[in-house]
Amino acid sequence: MSTPFLSVRDLRVHFSTEDGVVKAVDGLDFDLEQGKTLGIVGESGSGKSVTNLAILGLHHKDSTAIGGEILLDGQELLTATERELERLRGNKMAMIFQDALASLSPYHTIGRQIGETYRKHTGASKKEARARSIEMLTKVGIPQPDLRVDDYPHQFSGGMRQRAMIAMSLVCNPTLLIADEPTTALDVTVQAQIMDLLKDLQQEFGTSIIFITHDLGVIADIATTSS
Amino acid sequence: MFRFLLRRIAGGAVILLIISAIVFVLFYAAPRDPARLACGKVCTPETLALVKQNLGIADPLPVQYWHWFEGLFVGRDYATFGNCPAPCLGYSFRNSEPVLGTILDRFPTTVSLSLGSAVVFVIFGVGSGMLAAVKQGKALDKIASSASLIGSSLQIYIVGVFAIYLFTDQLGWLDRPSYTPFTENPGAWFSGLLLPWLVLSVIFTANYTRMTRSQLVETLSEDYVRTARAKGLAARTVFFRFAWRGAMGPIVTIFGLDLGVLFGGAIITEKTFNLHGIGELSVKAVSTSDLPMLLGVVLVAATAILVFNVIVDAVYALIDPRVRLA
Amino acid sequence: MSLSRRNFVIATSVAAGGSMLLSACSSGGGGGEGKGPAGAKEYTGASVTVGTAADSKGPAPEVKGARKGGTIYGVSPDDLSHLDPQRIYYALNSTGAMLFARCLTGYKTAEDGSQKLVGDLATDAGTMSDGGKTWTFTLKDGLKWEDGSELTVEDVRHGFERGWAKFVTEGATYAQIALTGKDDWRKEYEGPYGGKHLDAIKIDKAKKTITFHLAQPRSDFNFTVAMHSYAATPVKMDTKEKYDKKPVSCGPYRLKHRAVDKSMTWVRNKHWDASTDPLRNAYPDVHEFEFGTEGLDLADRLIADQGKDQQTITIYNNVPAERMQKVLTDPDLKKRSFNGLLTGIYYYAINCKRVTDVNVRKALIHAWPLEQIRKIYGGQNSGDYATTILSPDIQGREKFDLYGKLKKPQGDPEAAKKLLKKADKLGMKIVYAFPQSPTYDKTKVVIEAALKKAGFDPVIKPIDSTSYYDQAQQTDNNFDVMWFGWSPDWPTGYTLLQPLFDGTTIANGSNNVSQLDVDWVTEAIKENVKLSDPKAANKAWAELDKKIMQEQAPIIPEMYQRRFYLHGSKVGGAQFDPQFSATLITKVYVKA
């Protein structure tokens, strides 16, 4: 076993709520190697999403207490500054959310939303970003990507939106991709397509994936490790 | 977009007609006789009939309305005042001034008052709302929230009278409110309206603070805002490009409606500061049973609201692409 | 607004203005009880007399310490509604008219407030002949319009004839009725624009005389012609309807600029000759009117006394109740205030058609709680109890107190009950109607209590103030007692007793709200009018006043109201104008 690419040690996530402290995660350990997939299964509310938001540093800082350590490629994330995290997010580590309609901005075109990640991390021009967006849309199998790039999320179907989301998360070739129930909201055939797409892309880019789901069948399909 | 506008304008015209008809009917439903205003201390039936003839209210209601309506498009001939070219809104019962001319004379005052205070309350209201939303739960948020609660419970005539007393009568920092046309003397225009702007803004600022804060608190917790952060965008970019963009729609809507109402006359403010705008005119029209003037100001007020409604719809479509295609 | 002379038209006719009228009258508590009114100058009444030819000569007597020059600012909530003299009846309009319009006669006011009716355009207060049916006036020399042209007897006649113009509906109608002898006087003459003149007015251009041939004797016609409705209007510059916007001046000031509802600027009329004018001192170079400031705001501005407000007078508003205490207790403000009694009377009209038993009407007078009512108005500073129909300013008025109201202003329920028992009407239902306002909502409470105590069964009927007069003036209304008021147009008994108690005038919209229709009253009014000797007439009116109250008791007299007025610290010569209940605008000056 090589040195783990992502290593989580004794992770504790506690929220303070009106009813007292909720220990969402209490002493979690796991490792993930390059190019592998880690599946996380659990009932809703069992702390899966919180854990992964904590990796990206997207948890509510005021109401959440986090302990332990998260090492990504040797870098400690829990003590990283916001600026350091901004540089990592979308670039080295990316996330796909469950509800693509809600998670995509209704006010901006698909192309712009994909492209702005790219521009932020590579300093590319508008034109380059647009070309990259079309390229990514092509990769995730959106038909007529040079036209659809100017569409708004509400003009896409559910499956297409999730594909666009995947395109957006992979636009900077992240080494870690966290997929939080990426298929739950989709119907079965589309689910399968998305799963295939993720697998293909993982092979192409060598991305490590943390796959969160409550559906064991899905896990069996994709995970190399389950936790 | 063109067809949309055309449809809205046609609809607006129908609404204005209905409103004017309602005003006509309501006016005559009230147990008061505008003719008695000009009938002297010993008002004999003969004199009353003569007054009615002079005022053009001797005819049955539908005929009167038709004459009024006709005047809008082809003008009217008055025995006493001569020709009144279209669009003719008639002459005031109270002082025989042409209604249209009076309204045009008053409108700049109301527009100056409204726009000036809008600048102030949008800057302060939206600004403090943003700060409060960013600093949710912190001291600044609590200060802004309580200040806005106090502000929104204040009354213009109390704040206004107090402000005049303090800043004009006692300290002498600000000029006594007055209106000078901008084209005549921009300096006097500004200094004469500063106090009304600030006072009118106090009430509105509070509303906008609360609204901006609550809208932003809502959009800041939206999934797409989280996505934007997950993409590594800077907090400032996320705030303005995503959260604020989402919060803007409702604020613009309310702003448009507020402006529409203000253009129809900020009655209490104008009264408090002795500014001769549309609001003051409408109060006077009601209290003196001045039907032509009343119809005129109601039309202006309704038109302002309709116009701003259309503008709001158009701006909303620009902000939210989902509306554009729906 | 006040129920002031020439202003009561607002109370009776401006339905919409009703609420404003009432709110201005309201005095929500305050006001010291006990001592007399505490204003700087105590005003006790105009006590008008008729002056001589010498009194009618200009210039007006100098005001002590006055100087010429400067600007006096006059502030009012409302713009003047008319500038065409023939359309002027309101007190506010008349205050403005003092600057530019002149009549045959006018009131010359002394510093102590006493007044003399003297010739203004005329050389004296007129000569009566033919037992009061003919009145002759001679014009002074040197009268000019603002363009320098001569003011002639034709212009004076034109001012009377214009009263018939179709667009003139707001003015007084006394002269029209007196000249034609008809109530529907419009049918008798078509107005001056057809080229015809009234036969009843004769002019002699050479002698500069104008003679009125009245249908009936009118010994007080010289008072009638003092009304601005009968001011001179230049035949050659008469722009008819448009004259209302830009009148031609023959007074000390002419209209230089006007922004309707906002402001008016009056500057000197260089063709006005002070030596022709016994009434107007005209010290300031400019009178600047500003409109739109409400009474309370205006009072606060005058109290603050900043900048231009130091040179400001009110051309209409009195000190509102909310600021009375302050004005009466602050020595500086007291110095800058004056007060006066309104010439009119506030009263409660008893509907004689419904309350037919005189004893019941008398019982109502006994029961009425004047003291409690006045307390609500603001106590003694708000005015004096009324016991007569004629107010103190009226010539020949005799004070009497038939029902002991001055001794028992709180009401005398025992006396009332006794009368009710006598009439066998104990427990009688009495419907009291009043226009709703914060003040009258309070007075109704004490009235209701007093009526109950006196053995009545009161029913309180509040009425929307905008339609109050319309409803009260319906002959078939269901009210027994109605709040009302009346202001005479000149200080003789005729202008009070005729409109209020002449049985022949009873109709919808009539001011005989009591609907008193008693032959001897109507007859006495008819006879008194014919009395050619003013002294005898005055005496007859005073006797009729007492007799009506004694035998018919058709009203419950309430108050002669007192008003206080403020002015800026640099205003000199400010005193009460008993005619128009405001600052006497012709005598003010800017202090150095």
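1. The hairpin of strand 5 and strand 6 of chain C has four residues between the strands, and there C:Asp130 takes a positive phi near 55 degrees. Strands here, like helices, are DSSP runs numbered from the N terminus (strands E, at least two residues; helices H or I, at least four). Strand 5 covers residues 127-129 of chain C and strand 6 covers residues 134-138 of chain C; three bridges join them, and they run antiparallel. C:Thr127 has C:Thr136 in strand 6 of chain C as its bridge partner.

2. A word on the source: this is a predicted model, in which local features need pLDDT of at least 70 and side-chain atom pairs count only at pLDDT 80 or more, while totals for chains, interfaces and linings use all residues. Residues are numbered from 1 along each chain as its sequence is written, and chains are lettered from A and ligands numbered from 1 in the order in which they are written.

3. Strand 6 of chain C also pairs with strand 8 (residues 209-213) of chain C, through five bridges in an antiparallel arrangement; two strands pair if DSSP finds at least two bridges between them.

4. Turning to chain A, what is the order of the four strands in its open sheet? The order is 2-1-4-5, and the pairing is antiparallel. Strand 2 (20-32) and strand 5 (75-76) of chain A are the edge strands, each pairing on one side only. Two bridges link strand 5 of chain A to strand 4 (residues 64-72) of chain A, and A:Leu71 stands opposite A:Glu76 in strand 5 of chain A.

5. Between chain A and chain B, the contact (C-beta atoms, placed from the backbone, within 7 Å) takes 23 residues from chain A and 18 residues from chain B. On the chain A side, helix 2 (82-88), helix 3 (100-103) and helix 4 (110-122) each supply at least two residues. The largest share, four residues, comes from helix 4 of chain A.

6. Where chain B meets chain C, 31 residues of chain B and 34 residues of chain C take part in the contact. The elements of chain B that give two or more residues to its side are helix 2 (45-55), helix 6 (156-170) and helix 11 (278-287). Helix 2 of chain B gives the most, with five residues.

Key. Contact = placed C-beta atoms within 7 Å.
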